[in-house]
Amino acid sequence: YVLKEGSGKGIRAIVIYPMNALANSQENELRKFLCYGYPDQKSPVTFARYTGQETDETRQQIIATPPDILLTNYVMLELLFTRPHERALIQSAKNLKFLVLDELHTYRGRQGADVAMLVRRAKNIFNSPNIQFVGTSATLAGPGTYVEQKQQVAVLASAIFGDIVKPENVIGETLK
């Protein structure tokens, strides 16, 4: 999407991880795919990790020049909604196109309820009419046929995203 629409127009995607270790790992993967091979390793898409691990200087730099893709965790996103000195970062996401929950299967029980409420707050705060919610998981599907698994995933995604997710919109895989 950013390649098509152009970089530097504010945060277009926020990817939320349940743990910093996953955010760190995915930051390295993005660097491999979006930096290496370009002249001076200058990516056509900008991204930054914004968790509790960054220094104040790094955070200020991210706030001053928001990336196209922000990698964070659900706790930090909640904090961003409440910290006045980071309000500019939230403002830069007013045209947010994608809110991604990685490892969707981990959001169950109390944590799942907290994240579901966070998603609803995000909908309200970003007020982006075309926001697309995406959940990723390699281990979410349970027993049953492929069609039944897609229905189960759609029920969980609907509960977390607070919107109807149709089974036909669940993208899965099968091994042969």
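Visitor: What kind of model is it, and how are residues numbered?
Guide: The model is predicted, so local features need pLDDT of at least 70 and side-chain atom pairs count only at pLDDT 80 or more, while totals for chains, interfaces and linings use all residues. Residues are numbered from 1 along each chain as its sequence is written, and side-chain values use heavy atoms, with hydrogens and water left out.

Visitor: How many aromatic pairs are there?
Guide: The count is 4, where rings of Phe, Tyr and Trp (its six-membered ring) pair if their centres lie within 6.5 Å, and planes under 30 degrees apart count as stacked, over 60 as edge-to-face and the rest as tilted.

Visitor: Why is the pair of Y1 and F98 edge-to-face?
Guide: Their planes stand at 80 degrees, with the ring centres 5.8 Å apart, so the pair falls in that class.

Visitor: Is Y1 buried, exposed or partly exposed, then?
Guide: Y1 is partly exposed at 39% relative accessibility; buried means under 20% relative accessible area and exposed over 50%, with partly exposed in between (1.4 Å probe, protein chains only).

Visitor: New topic: how many residues of strand β3 are buried?
Guide: In β3 (residues 69-73), 5 of its 5 residues are buried; strands (E, at least two residues) and helices (H or I, at least four) are DSSP runs, numbered from the N terminus.

Visitor: Which of them point which way?
Guide: I69, L71 and N73 point one way from β3, whereas L70 and T72 point the other way.
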